[in-house]
Structure formats: structure tokens, C-alpha cells
Amino acid sequence: MRGLLCSPLPMLLLLLQPWESQLQFAGPRCRTGPLDLVFVIDSSRSVRPFEFETMRQFLVGLLRGLDVGPNATRVGVIQYSSQVQSVFRLGAFSRREDMERAIRALVPLAQGTMTGLAIQYAMNVAFSVAEGARPPEARVPRIAVIVTDGRPQDRVAEVAAQARARGIEIYAVGVQRADVGSLRAMASPPLDEHVFLVESFDLIQEFGLQFQGRLCARDLCNGVDHGCEFQCVSEGLSYRCLCPEGQQLQADGKSCNRCREGHVDLVLLVDGSKSVRPQNFELVKRFVNQIVDFLDVSPEGTRVGLVQFSSRVRTEFPLGRYGTAAEVKQAVLAVEYMERGTMTGLALRHMVEHSFSEAQGARPRALNVPRVGLVFTDGRSQDDISVWAARAKEEGIVMYAVGVGKAVEEELRQIASEPAELHVSYSPDFGSMTHLLENLRGSICPEEGIGAGTELRSPCECESLVEFQGRTLGALEKLTQNLAQLAARLEDLENQLASQK
């Protein structure tokens, strides 16, 4: 004890160490498993030079607590002011030393504060596969950490919602003069876990330690054979499995419900008119992919085709092109917005005449595979829909209509099959469409709605005939047994009557 009291110098040196070194010794390096992590750093003129230096140290120190590598955590850094600059992309470096060198060479931009522009860049560029992000089907978590000291000079709520809809988890860190309302508009829910407000840049290490702790909390899922079909989430000393929006966890606690029985040929007609707007069109694509998530997509199971319409009609991909859900979802994300008028009638005609043809991948009518059309629109059609809406149903296509915003109820009901209550869905805005998914799942899934138990076999195949014959003979044998029992009872009854006489 006396030695410690008489030797204050080592303790003083420890306290005077830069925070990046203290974080390095805070504990063992956190094995987070695969992550794509992008830091979005405010370097506007309001960030003073010594504050920017503190933020630089914060980044370096945080890097030293991560398990960095091509198959572990990939890190990218962008800085922004009135413009956005990539410091290094996700796929640029696999060694921590190279990342630290790039951060130390960082020169602040010292202009305005266009945070919305920075989020847009992160979403469209920084998290793209071309920049080193792993593809969506790899299900590697995408995390953006936004550090800012002021109020954005552009809008952030809409673009942040779009980024979250694409699966980017956003942490919003505000320092000193930061606007709390803007931080809450940017961050992912729950807000109490994703919004941080610190009094000064000197205290930003508090966020660093909490953030590192949250990442390390993911360890349990990486250390056990959890068996989760979609996603595993660590919770203290335990974990739980999650399913995509629109799906429910099954009784085994690991698998997600989806259409597994029967078969459907499903064509989606998506409104690409200018009233939808680009950011909402991205939400529509996400909604479509959530529908795909609950389908058993395969050449023998459910086939999916996509048509976009505005003033003209374009087949984005036909029914027979993709054989897996991952391929369909990737194709949906690649669809480009058309942005013109709203010719819904023309789209319905295209669907009836082309989309369900065998040339485009639809199965022959003799196989009795249900044909389903789902029309998604946000406004009134500029052409007549009555003729081809009626024709679609005459052709045996089960029609669903999903309306958003200014969609016209009368038109939705005209498009949809009867009863309208089961075939028409409506949402007041694009951001709240997900509540429609469960109804659509219950309607479209063959085991719960149409086409239950449909088998993809010709009635003339030998196996089908043998199965039919077996079922028929079994039924006849049972009927013969019942008749024999009935005859025996009648004979017994006659004997009883004769004895009474």
C-alpha cells in the first residue's frame, strides 16, 4: 500500500493517456462476427480544430476495440459538410493500421451541415456491394454511426427512414449544439438505444464504450449453434430468433412461417408513376421483397414475376426467370423507377395478354396452378380499367389490389376479386405499409388461402392414376364393410321381430 501512495506517477500517466489508448485496454477485443460498419462524421465549420482532433482519436480508439477483417467487421468512414467525401470505403482496408493511417490524414471540410445528403450517400454508395458491403442475401448487419454537432441544413427524416427501410441500423450521436429532434428522426428504434447526446467532444468516449458494449453483446449468437432461420439477437446471457416483417416465429422458436404447401404463379403490378416519388418507390420495392420473404419460391413451387407501369408498361422480370427468393429480391432491388403517368388499365391488359402466358413462365392451365395478380397503386388511373379488370377475373386470375395515399377505393374494388374485404388493402402512407403484410400472407399463401394443397402433377400420369385407383379401391372396400355390417344388423333385427311373434 505504501508503494502505491508513494508512486503516483504511473497512475497520473494512465489518466493522461489519450482516450484511444484507454479504450484499447478496456477489455478483450470484441468478437462481433460479420458487420458492415460505416462512420458518418460531421466536419462542418462549427466543429473546431481541437474538437475534430478529439473525434479523430475517438475513431482510432473505437477501431482498436473491434474485430476488424474481411470476414469479420468491415469499416468505412465518410465525412460531410456541404458535400460528402469518402475517407475510405468498406472494402478498402483489411488491416487496422491502414485505417488508422487514413483517419490521421483526414482534413476537415469546414463548410455547411448537410446531414441528409450524407445519409443519402451512405445508403446509395457507402453500403453498396461495389464499395465493399456484403450482399443483402448474406444478411450481414449494416450499421451507420452518425456523429454531428449541429442542426442539419437539409431534411433528414425521410432519407433516414429510407435508409432504415433498406436494413441499415442507424446510431445518431449528438455533441454539444446538436439538435435532439434531428437525432431522433435519424436513429433506428428503439430510440433510447440508438440516440446519444454528449455535452462535449471530450466526453464522446462515453458513447464509444457503450457502443462497443452493444456490439460485443452480439457475441452469444456468434458463439452458439442458434439455428435461427432468419436472424439471431443476443439478449444478455440468452438469445432469441427474429423473422422478417410479415412473418411469425414458429413454435420451435427458430423457423419462420411462409408459404410451404401448394403452388402459385404470382405477378406483381407496381405503380411507377411520378406521384409515387423515388424515395417511396424504394419503400415499395422493400414491401415487395417482404412479400417474397413469405413465399416458397422455386420452379416447382411459387413463381414470381414483376411488371412496372406508368405511362407505359415494362416487364421487369417474367414468371420463369428466377428460381429462388434471393434471386427475386435482388432483381426487385435493381428495378429503376419509371416516373411518368398512371395507366393502370394498360398494365392490366399487359398482365392478361402476356404475363401469364407459358412463354413468360406461367404453368399450363391443365396443371391447375392458381394464377394471382397483385396491383399496387397510389392514385387514380388515367385510362379505363373496367374492361381489363373484368377480363382478368374471367381468365381465372385471382386479383388483389393494394392502395396507398390517394388511391381510389372504387378502382381498387373494381380491380380486386370478390369478396373485396379479402382482396383490397389500403395504407394512408408508404411508411406504414408493413401492417398489410399479414393480411396478404394469409390470403396469398396456398395453405391458408387459395390453392390449398395444389399438387403440380398431371392427372394422366401413371403415379396419379395408381394413387387415384388406390384411394378409390380403399373407399369401396370401406363401403362394402359398412354395407355388410348394416345387413347383419338388419338380419338380427328381423330375427328379433320374428321371435316376438
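A residue is called buried here when its relative accessible area is under 20%. In this predicted model, strand S10 (residues 303-309) is mostly covered, with 7 of its 7 residues buried. Arg-303, Gly-305, Val-307 and Phe-309 point one way from S10, while Val-304, Leu-306 and Gln-308 point the other way. Residues on both sides of the strand are buried.

On one pairing, S10 runs parallel to strand S9 (residues 265-271), and 7 bridges join the two. Within this pairing, Leu-266 stands opposite Val-304 of S10. S10 and S11 form a hairpin, with 3 residues between them. Leu-306 has Phe-317 in S11 as its bridge partner.

## Aromatic pairing at Phe-317

The structure holds 4 aromatic pairs. One of them joins Phe-317 and Tyr-322 in an edge-to-face arrangement, with 5.2 Å from centre to centre and 70 degrees between the planes. The two residues can be described separately by accessibility. Phe-317 has a relative accessible area of 2% and is therefore buried. Tyr-322 counts as partly exposed because its relative accessibility is 24%.

In soluble globular proteins, nonpolar side chains tend to be buried together. The largest nonpolar core of this model has 37 residues, and those with the most contacts inside it are Ile-291, Leu-374 and Leu-440. The elements that give two or more residues to this core are S9, H12, S10, helix H13 (325-333), strand S12 (371-377), strand S13 (397-404) and helix H18 (437-444). H12 supplies the largest share, 7 residues.

Leaving aside residues up to four places away in sequence, Ile-291 touches Leu-268, Leu-374, Leu-437 and Leu-440. A second, separate core has 29 residues, including Leu-63, Met-99, Ala-102 and Ile-143.

Arg-56 lies in helix H4 (residues 49-63). Its relative accessibility is 11%, so Arg-56 counts as buried. The side chain of Arg-56 reaches the backbone oxygen of Arg-104 at 3.1 Å. Beyond residues up to four places away in sequence, Arg-56 touches Ile-103, Arg-104, Ala-105 and Leu-106.

Gln-162 is found in helix H7 (residues 157-165). With a relative accessible area of 8%, Gln-162 is likewise buried. Its contacts, not counting residues up to four places away in sequence, are with Met-123, Gln-279 and Glu-282. Gln-162 and Ile-119 are 43 residues apart in sequence, and their C-alpha atoms are 9.6 Å apart in space.

## Loops and backbone geometry

Two cis peptide bonds can be described. One joins Pro-189 and Pro-190, with omega at about -10 degrees; Pro-190 has its place in the loop between helix H8 (180-186) and helix H9 (191-194). Another joins Glu-418 and Pro-419, with omega at about -5 degrees; Pro-419 belongs to the loop between helix H16 (409-415) and helix H17 (420-423).

Positive phi values in residues other than glycine occur at Ala-110, near 55 degrees, and at Arg-277, near 75 degrees. Ala-110 is in the loop between helix H5 (96-104) and helix H6 (115-126), and its relative accessible area of 42% makes this residue partly exposed. Arg-277 is in the loop between S9 and H12, and is partly exposed, with a relative accessible area of 41%. In the loop between helix H14 (344-355) and S12 lies Pro-370, which is buried at a relative accessible area of 14%. The C-alpha atoms of Pro-370 and Val-398 are separated by 7.7 Å, although these residues are 28 apart along the chain.

## The chain as a whole

The protein chain contains 19 helices and 14 strands. Of its 501 residues, 48% are buried. Among contacts between residues at least 6 apart in sequence, 73% join residues at least 24 apart.

Terms used
Residues are numbered from 1 along each chain as its sequence is written. This is a predicted model: local features need pLDDT of at least 70, side-chain atom pairs count only at pLDDT 80 or more; totals for chains, interfaces and linings use all residues. Side-chain values use heavy atoms; hydrogens and water are left out. Buried means under 20% relative accessible area, exposed over 50%, partly exposed in between (1.4 Å probe, protein chains only). Helices (H or I, at least four residues) and strands (E, at least two) are DSSP runs, numbered from the N terminus. Two strands pair if DSSP finds at least two bridges between them. Rings of Phe, Tyr and Trp (its six-membered ring) pair if their centres lie within 6.5 Å; planes under 30 degrees apart count as stacked, over 60 as edge-to-face and the rest as tilted. A nonpolar core is a set of buried Ala, Val, Leu, Ile, Met, Phe, Trp, Tyr and Cys residues joined through side-chain atoms within 4.5 Å. Contact means heavy atoms within 4.5 Å. A polar contact is a pair of N or O atoms within 3.5 Å; within protein, one must be able to donate a hydrogen and the other to accept it, and residues adjacent in sequence count only if both atoms are side-chain atoms.
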